[in-house]
Amino acid sequence: MNPILLHNAEQLQQACDAAEEANVPLIAFTPENAAGYMGVGYVRAMMEQVTATSGYTLWADCGDNPATCMQALQAGLRHLVSHTHGEVFAKLSDMASQQNAVLRNDRPAQALDMRNADAAALQAWLRQACA
């Protein structure tokens, strides 16, 4: 898996197109707390863009705010990252599983940040996923 960090819908489309061309799965993450500062609606629109054209996965980062995570679940997001811990994380995880969603509290150690990557870097990163 070679995850990609996406900051906007244009980068998401570029990553989807490149993954389709390379015939590799795409695992993408929003920046930390993106559901909070971009808004759950914007992240949902990005997620719909991904799932409408492919089976790719976009993980929405909800930061450490439980309310943001609950809003994301209510909006229909199904792959969430929460930086909460202990009992709060356990309760959010239970809520997520009741809605057929997945909640994780970790992010990949390495990801290609699309803010600093061009098309050639994206292609090279995706080719590594095949190796």
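Modeller: Happy to! Strand β2 (residues 27-29) pairs with β3 in the parallel sense, over three bridges. Strands here are DSSP runs of E with at least two residues, helices are runs of H or I with at least four residues, and both are numbered from the N terminus. Two strands pair if DSSP finds at least two bridges between them. Please keep in mind that this is a predicted model: local features need pLDDT of at least 70, side-chain atom pairs count only at pLDDT 80 or more, and totals for chains, interfaces and linings use all residues. Residues are numbered from 1 along each chain as its sequence is written, and side-chain values use heavy atoms, with hydrogens and water left out.

Let us stay with β3. Its residue L58 is the bridge partner of A28. Towards β4, two bridges join β3 to that strand, again running parallel, and A60 has L80 as its bridge partner there. Between β3 and β4 the chain passes through helix α4 (residues 66-74), and this β-α-β crossover is right-handed (with the strands pointing away from the viewer, the path from the first strand over the helix to the second runs clockwise).

How enclosed is β3? Five of the five residues of this strand (residues 57-61) are buried, so it is largely enclosed by the rest of the structure; buried means under 20% relative accessible area, with a 1.4 Å probe and protein chains only. In a regular strand, side chains alternate between the two faces of the sheet. In β3 both faces are covered, with T57, W59 and D61 on one side and L58 and A60 on the other.

How values were computed
Buried < 20%, exposed > 50% of the residue type's maximum accessible area, 1.4 Å probe, protein only.
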